[in-house]
Amino acid sequence: MKVKATLTVVVLMVTACSSLADWPQYLGPDRNAISPEKELLRSWPDAGPKVLWTISLGAGYGGAAVSDGKVYVLDRIGNEKDILRCLDLVTGKELWSYTYDAKGRVSHPGSRSTPTIDDNYIYTCGSFGDLYCFDKNTHKPVWNKNVWKDYDDGNVPRWAISQNPLIYGDSVILASQTSKAGVVAYDKLTGKVKWASPALPGRVGYVSPAIVKIGGSDNLVMITAGSRGGGGGAVVGMRPKSGKRLWIYEGWSCQIPIANVTEIGDGRLFITGGYKAGSAMIEVAKNGDAYTVNELYKTDDFGTHVHPAILYKGHLYAHCTTNTRRDGMVCMDLDGNVKWKTGRSPRFDKGGFILADGLILSVDGRDGILHLVEPGPAGYKELAKAKLLGTNECWGPLALVDGKLLIRDQKQMRCVVVR
């Protein structure tokens, strides 16, 4: 009997632990806004899905990361300080926080980035370039640097530093985008600079680095900004262990790029942006130590302002309402043929969205409405919707863990039960 009881307890403990998956970084486990969760609700009550908790936040756009039942969000206090908050996923109770000075003003004030969690450490990058490594257990910084000031004495970009730390092996990588360093890799345990690439071509943008697979090898991909008149920006492939440039594509340009590439497979990368930039599909091939880049097509009919496109069953989905177009959510096949657009109904204005269990959970960034969508090329199919946020510019990325969806606007973060 004792053996059976012990075995039962162990099984229950394992089951409980396995149900708590993590959302450890910007755009989730694979940094592509796709969640492995299953058994999501296909309909909601008239009042919408259950709101488990709500907490107040300062203005901003930074999303949540989740690990071991704890939510981490980098918040901002006015124009004076950044604050890392740790919350309980089930109750929303703040368990601890850490505040540091970060004075400054930028256009569209507030937080920008999502924390990255790796083992016992939390990595954050504030609006003014303050890069911190925190210990989960002591709740204190292990080390800190500044990705901007350490390499440039000028003013920060107009819309602030918007880097989401990327863990690669024993490094944490961010794009400094200064005149002295393009991308910088730090030892993730000590903060020591492992390598700093030369300055990147083009102007400063708001894209975080991404890792893609080309010919069986990892490539670090960055997108830089072009000029307002067009041209000057670039998509650059680099060796993630050294920062060495492997290839460059200069056939597409966005004056204010935010979204990184969507990896399609077979060396294909999809690039998209707002401000009339449209999109491009390129194919990068590896032959020995050499790389070649082939442009497959460009299109003006698909261009997302803030969040990268999501790939699902041979089609791309994105929010393509920008400052200059009102295309709403758009579905396009991989050859560049648009299947449908929602236009202004719904407009999906720059809101966060993710794919999970064959469903798209999507926030309308202007109206604060959460939409439940069944994606497919035949047409827009909405299963449910609920107004859950209350202010404009609900642009923050979403997070989904254990059936709990984390969404935010300019005043609050909410945890919504969707399973």
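## Before you start

Residues are numbered from 1 along each chain as its sequence is written, and side-chain values use heavy atoms, with hydrogens and water left out. Since the model is predicted, local features need pLDDT of at least 70 and side-chain atom pairs count only at pLDDT 80 or more, while totals for chains, interfaces and linings use all residues.

## The cavity

Rolling a probe the size of a water molecule over the atoms shows where empty space is left. In this structure there is one cavity of 30 Å³ or more. (A cavity is a set of points, on a 1 Å grid over the protein atoms alone, where a 1.4 Å probe fits but cannot get out; its volume is the space filled by probe spheres set on the points, which are joined across faces, edges and corners.) The largest cavity holds about 60 Å³ of space.

What lines it? Among the residues around the largest cavity are Trp-148, Pro-157, Ile-161, Gln-163, Ser-176, Val-204 and Tyr-206; a lining residue has an atom within 4 Å of a point. Sorted by class, the lining has seven nonpolar, five polar and no charged residues. Here Ala, Val, Leu, Ile, Met, Phe, Trp, Tyr, Cys and Pro count as nonpolar, Asp, Glu, Lys and Arg as charged, and the others, Gly among them, as polar.

## Salt bridges

Side chains of opposite charge can pair when their charged atoms come close. How many salt bridges does the structure hold? There are 19, counting a side-chain nitrogen of Lys or Arg within 4 Å of a carboxyl oxygen of Asp or Glu. One of them joins Asp-75 and Arg-85, at 3.0 Å from N to O. This pair links distant parts of the chain, with Asp-75 in strand E4 (residues 70-77) and Arg-85 in strand E5 (residues 81-88), 10 residues apart. (Strands, E, are DSSP runs of at least two residues, numbered from the N terminus.) Asp-75 is buried, at 2% relative accessible area, and Arg-85 also counts as buried, at 16%. Buried means under 20%, exposed over 50%, and partly exposed in between, with a 1.4 Å probe and protein chains only.

Next, Lys-213 bridges to Asp-218, their closest N and O atoms being 2.8 Å apart. Lys-213 is partly exposed at 43%, and Asp-218 is partly exposed at 24%. Then there's Asp-367 with Arg-347, where the closest N and O atoms are 3.4 Å apart. Asp-367 sits in the loop between strands E28 and E29, and Arg-347 in the loop between strands E26 and E27, 20 residues apart. Elsewhere, Glu-37, Asp-402, Lys-404 and Arg-419 are linked in a network of salt bridges.

## Two open sheets

Strands of a sheet pair through backbone hydrogen bonds, either parallel or antiparallel. Three bridges join E25 (residues 326-333) to E26, and Met-332 has Val-338 in E26 as its bridge partner.

Another open sheet of four strands runs E7-E8-E9-E10, with antiparallel pairing. E7 (116-118) and E10 (141-146) each have a single partner strand, so one side of each is left without a neighbour in the sheet. Here the twist averages 15 degrees from one strand to the next. E8 (residues 121-125) and E9 (residues 130-135) pair over five bridges, and Cys-125 stands opposite Leu-131 in E9.

Key: On a 1 Å grid over the protein atoms alone, a cavity is a set of points where a 1.4 Å probe fits but cannot get out, and a pocket is an open set with protein on both sides within 12 Å along at least five of seven lines; lining residues have an atom within 4 Å of a point. Two strands pair if DSSP finds at least two bridges between them. Axes are lines fitted to C-alpha atoms, for helices over the stretch in contact, and angles run from 0 to 180 degrees between N-to-C directions.
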